[in-house]
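I opened this entry to look through one protein model from its overall build down to single residues. My notes follow in the order in which I looked things up.

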Amino acid sequence: MRLFLTLFAATAAAAAAIEPSPSSDHNGSSFQAQCESFKAKIKVPNANVHSVTYVPAGVNISLADNPSVCGGDEDPITSTFAFCRIALNVTTSSKSQIFMEAWLPSNYSGRFLSTGNGGLGGCVKYDDMAYAAGYGFATVGTNNGHFGNTGVHFYQNSEVVEDFAYRALHTGVVVGKELTQSFYPQGYNKSYYLGCSTGGRQGWKSVQTFPDDFDGVVAGAPAFNFVNLTSWGARFLTLTGDSSADTFVTKTQWTAVHNEIIRQCDPLDGAVDNIIEDPDLCQPIIETLLCNATQFSTSGICLTGAQVQTVNAIFSTTYGMDGSFVYPRMQPGSELAAYNSYYSGKPFSYATDWYRYVVYNNTNWDPATWTLKDAAIASAQDPYQISTWNGDISPFQKKGGKVLHYHGMEDAIISSDSSKVYYKHVADTMNLSPSELDSFYRFFPISGMAHCANADGPSAIGEGTGTFSGNNPEDNVLLAMVQWVEEGVAPDFVRGAKLNGSTVEYRRKHCKYPKRNRYVGPGPSTDENAWECI
């Protein structure tokens, strides 16, 4: 579990950004008394309420219910707001249950929000809960049906798989809304979602399957096309081999590959700033690094023909045995981080877990044996439509829902090309042009952003504490969604910040897809007004 940051200015400035409803402005002893008496009023079917606790402002929030596999109680969150904290288990079947928490803040804004999860997880996103609750959202989060970022709990238990696919999140939303309506006399006015990676997939699953759950969904770097994404992760080991293979590319060589890609592709957006604005324009010629080439890396590092083939395969779309599309290429620009994820000659743990505990229910399955035949078997299973690839989201559109979808262009875990493929899939399925999709679905590629986190560029967009850079909706995707849903002001761009600690070095406006950013000057590339969307 990543280091939690104190919920700093987000809460202090929230009053100016999102005003709480006057009738929900609980203070001091009255709010505490309301919280402490609430347990007796909870009537949730199939639930076991562990605790209802009043948490005052200015204290470290205990994470005693967070098991060691999720980080335990080692990284406390310091809250700047008082809230009523409810912890409970909800039974989802005879073989499964979820753990969930609801944080009901004293500065309640009249809004409900559910957080998502990450990886194969299994861990409540307490940092996202603190972030949202600090803005006055009645906030819920679940463990997605099991504790720990592993698939071992899926073994011979399809009920836990079903929780992971969709049921845990939806159950948490149903229970969370009931708790919110019981606690606050006015209930809630609007319902929101915030999540990235697996959380991004969960948000899209809600859009596709439970269109009434949310009015606004912020979904980042979605792990949709999930089964094929897992197979794509398994494929890398077969491309690189282990560290002794002729096809293996060392970390030092990957650094040379990255530098060559930047050399070839960075200037294509008009500015040389070590950031690739649009990887679509980047089709790197890796053969320039061949050891027998007339020119190669200035560092003197070169690649053999077999190694060049490895790199080219990684930057190629994956097709099945029958020629059908499986998954797009890894976008160029993410090489340095992707080495640790995929290229180090070791199996990708999430892929191994999915095949061992879901596809084959065989704990001895060897990831080194993976082939496209395995991908076909896994794809045919697609339990509970976990792939989350439905292109018809018209029910969500018709109910007035809004979805803000973003993806980092330096994502080393989930290729950002997947988000572009899905956007086109929705447009084709619904027969809607980008201008028509704009009324309810907007996608923002974020250059210089890693997987759900800051990286080399201006990529702090306010999706959580670590990427907070202000309460202006242009700088904060959560507040942008609130403004879109409640005021009808749709975001034409997402402004990202390049952070140095808590200091903003510069900002850049990220374009709404399918537009791309182009440097036009005359100022430096760090001047946001020197760029335009074309």
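This is a predicted model: local features need pLDDT of at least 70, side-chain atom pairs count only at pLDDT 80 or more; totals for chains, interfaces and linings use all residues.

Residues are numbered from 1 along each chain as its sequence is written, and side-chain values use heavy atoms, with hydrogens and water left out.

**Entry 1: the whole chain**

I counted the elements and found 16 helices and 17 strands in the protein chain. I then looked up the radius of gyration, which is taken over C-alpha atoms, and the globule rule, which is 2.2 Å times the number of residues to the power 0.38. The chain has a radius of 23 Å, close to the 24 Å that the rule gives for 534 residues, so it is as compact as a globular protein of that length. Along the principal axes, the C-alpha trace spans about 80 × 60 × 45 Å.

For burial I used these limits: buried means under 20% relative accessible area, exposed over 50%, and partly exposed in between (1.4 Å probe, protein chains only). By that count, 60% of the 534 residues are buried. The chain exposes about 19,700 Å², and carbon and sulfur atoms supply 49% of it. These areas come from the Shrake-Rupley method with a 1.4 Å probe.

A contact means heavy atoms within 4.5 Å. Among contacts with a separation of 6 or more, 70% are between residues 24 or more positions apart.

**Entry 2: the cores**

I took a nonpolar core as a set of buried Ala, Val, Leu, Ile, Met, Phe, Trp, Tyr and Cys residues joined through side-chain atoms within 4.5 Å. Which residues have the most contacts inside the largest core? They are Trp254, Tyr343 and Trp354, in a core of 52 residues. Several elements each supply at least two residues of this core, among them helix H5 (158-183), helix H8 (251-265) and strand E11 (325-327). Helix H7 gives the most, with seven residues.

Apart from this core lies another, of 49 residues, which includes Phe183, Phe214, Val217 and Tyr422.

I followed Trp354 further. Not counting residues up to four places away in sequence, Trp354 touches Phe154, Val161, Phe164, Phe226, Val227, Thr230, Val359, Pro383 and Ile386.

**Entry 3: helix H4**

I checked how covered helix H4 (residues 126-134) is, and found nine of its nine residues buried. Asp127 and Asp128 are among these buried residues, as are Tyr126 and Met129. After H4 comes Gly136, with a positive phi near 90 degrees.

Cys84 lies in strand E4 (residues 83-93) and is buried, with a relative accessible area of 0%. Leaving out residues up to four places away in sequence, I listed what Cys84 touches: Phe31, Cys35, Val52, Thr53, Ala102, Trp103, Leu104 and Phe183.

Val426 lies in helix H14 (residues 417-430). Is Val426 buried or exposed? Val426 is buried, with a relative accessible area of 0%. With the residues up to four places away again left out, Val426 touches Gly391, Ile393, Asn431, Leu437 and Tyr441. I also compared positions: Val426 and Asn390 are 36 residues apart along the chain, and their C-alpha atoms are separated by 7.9 Å.

**Entry 4: backbone details**

I looked up two cis peptide bonds. One runs from Tyr513 to Pro514, with omega near 15 degrees, and Pro514 is in the loop between strand E15 (503-511) and strand E16 (517-519). Another joins Gly521 and Pro522, with omega about 0 degrees; Pro522 is in the loop between E16 and strand E17 (531-533).

Next came positive phi values in residues other than glycine. Asn274 has phi near 65 degrees, sits in the loop between H8 and H9, and is exposed, with a relative accessible area of 54%. Gln385 has phi near 50 degrees, is placed in the loop between H12 and helix H13 (394-398), and is exposed at 56% relative accessible area.

Conventions
Helices (H or I, at least four residues) and strands (E, at least two) are DSSP runs, numbered from the N terminus.
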